[in-house]
Amino acid sequence: MKIIKNGRLILPDRIEENLAIAFSHRIEAIAPASELEKKYPDAEIIDAGGNYVSPGLVDVHCHGCGGDDTCDNTPGAIQKMSRMVAGFGVTSWLPTTMTYPLDYLRVTFSQIREAKAESEKDASAWGGAQVLGTHMEGPFIDVTKMGAQNPEYISKPNAAFTKEYEDIIRIVTVAPNVPGGMEFIEEITRDTGIVCSVGHTGANYDCIKEAFAKGSDHVTHLFNAQNGLHHRDPGAVGAALTSPEVYTEMICDTFHIHPGVFQLVCDCKGDHLVLITDCMKAGGLPDGKYDLGGQDVYVTGIKCVLESGTIAGSVLRLNKAVQNVWHNTNWPLYKAVFAASLAPARSIRLDDCKGSLEEGKDADILIADADFEIINTFVRGEKVYER
Ligand SMILES: [Zn+2]
């Protein structure tokens, strides 16, 4: 048993100055420190020193970091990345795939399946963020909004293939306007627990609304690789912003989306805003030229672009995304944290065990300083990162 005391607890609806948290692999109790110390006299006491005690962050859209990409299929890479993102406050995540031939993705998916099992088995041996499954971003997308995906490998939505990986695919990004797209959404959301997210699509407002009616309740990186908001053609963005029940991802790096737009989205989406990184392999590495799905990407500061100038993923850290929302909107810190913890956990239906500091949930806990830089990361009670 461990007790973290003298922290400012970030709860879903407020920050609590006078509560401590006792945990094993689960959160056992949240109460005043004196009470917990009496109840668990043998517990290891961790003094947070007045820093924030936050729920661990959940990244449902992250391709890679530290020189690795999920789709490189490098043995051991998922564990390496899981350890790196723990330093960015991430305690669970979906290693995200890109547009590749289905046979190639089979190799990636079998590695993700293995990584998921290993990370579940022993948090201490794994030593990083838990792998909850994958976000399959492509190849069931629209060539007119492919972004930095490789057009050669785009293929028709394939429900049979997707169902084979029902145990690991948590989210599949799909363009509802391509042939078979709408039927795919209907079938997958009817027959499986997989979330269908609309994205990489040239669909208009009506088509996106129809996709929501057919079962999709998630939007892949709002504004990017989809039709924007025009007053005579409200596009995917108009559909997402007017559908309060639909979870909506946003890459809050201030480059993919101007910070002046953050408040509008926060006001429209509220507790359905989901902060993601969409991080690629250069995350955590210096500026330079990198490879992304067989294409060259040039990284300068927070910008990642292809030779053509097309934006290609980010080098965003999820705790930085929280800071960016906190500093560019009227949202207090706890709301920005919610958008990177409980909202993403709910979006993939794992909020029974992930996403907030609540008794009974997994002990995925951060200690973060006044700027929300990460000091310690605990995954299911095991310390996996120390600054
Ligand atoms: Zn992506």
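**Chat: hairpins, domains and a helix pair**

Me: What sits between strand 20 and strand 21?
Reply: This is a predicted model. Strand 20 and strand 21 make a hairpin, with two residues between the strands. G301 lies in that turn and has a positive phi of about 60 degrees.

Me: How many bridges join strand 20 to strand 21, and in what sense do they run?
Reply: Four bridges, and the two strands run antiparallel. Strand 21 covers residues 303-306.

Me: Which residues of strand 21 are the bridge partners of V297 and Y298?
Reply: V297 has L306 as its bridge partner in strand 21. For Y298 the partner in strand 21 is V305.

Me: How do strand 19 and strand 20 pair?
Reply: In the antiparallel sense, over five bridges. Strand 19 spans residues 288-292, and strand 20 spans residues 295-300.

Me: Which residue takes a positive phi in the hairpin of strand 19 and strand 20?
Reply: G293, with phi near 55 degrees. That hairpin has two residues between its strands.

Me: What order do the strands take in that sheet?
Reply: The order is 19-20-21. It is an open sheet of three strands with antiparallel pairing.

Me: Why is one side of strand 19 and of strand 21 left without a neighbour?
Reply: Strand 19 and strand 21 stand at the edges and each has a single partner strand, so one side of each has no neighbour in the sheet.

Me: What does the twist average there?
Reply: 35 degrees from one strand to the next.

Me: New topic. What is the strand order in the six-strand sheet?
Reply: It goes 3-2-7-22-23-24. This sheet is open, and its pairing is mixed.

Me: Which strands are at its edges?
Reply: Strand 3 (14-16) and strand 24 (382-386). Each pairs on one side only. Neighbouring strands of the sheet are turned by 25 degrees against each other on average, with direction ignored.

Me: In what sense do strand 7 and strand 22 pair?
Reply: Antiparallel, over four bridges. Strand 7 is residues 52-55 and strand 22 is residues 365-368. Within strand 22, I365 stands opposite P55.

Me: On to domains. Where are the bounds?
Reply: The domain assignment puts 2-52 + 371-386 in domain 1. Domain 2 is 56-356. Their centres, taken over C-alpha atoms, are 30 Å apart.

Me: Now helices. At what angle do helix 2 and helix 3 cross?
Reply: Roughly 50 degrees, and their axes come within 9 Å. Helix 2 is residues 77-86, and helix 3 is residues 102-121. The two helices are therefore oblique to each other.

Me: Left-handed or right-handed crossing?
Reply: Helix 2 passes helix 3 in a right-handed crossing.

Me: Which residues meet there?
Reply: From helix 2, I78, Q79 and S82. From helix 3, Q111, I112, A115 and S119. By class, this contact has three nonpolar, four polar and no charged residues.

Me: What about N73, what is its phi?
Reply: N73 is not a glycine, yet has a positive phi of about 60 degrees. N73 lies in the loop between strand 10 (68-69) and helix 2.

Me: Last one. Is the peptide bond from G138 to P139 cis or trans?
Reply: Cis, with omega near 15 degrees. P139 is in the loop between strand 13 (134-137) and helix 5 (159-164).

Terms used. Residues numbered from 1 in each chain as written. Predicted model: local features only at pLDDT ≥ 70, side-chain atom pairs only at ≥ 80, totals over all residues. Pairing = 2+ DSSP bridges. Axes fitted to C-alpha atoms, helices over the stretch in contact; angles between N-to-C directions. Domains from an automatic or database assignment. Parallel < 35°, antiparallel > 145°, perpendicular 65-115°, else oblique. Left-handed = near helix turned anticlockwise from the far one by under 90°. Contact = placed C-beta atoms within 7 Å. Nonpolar A, V, L, I, M, F, W, Y, C, P; charged D, E, K, R; others polar.
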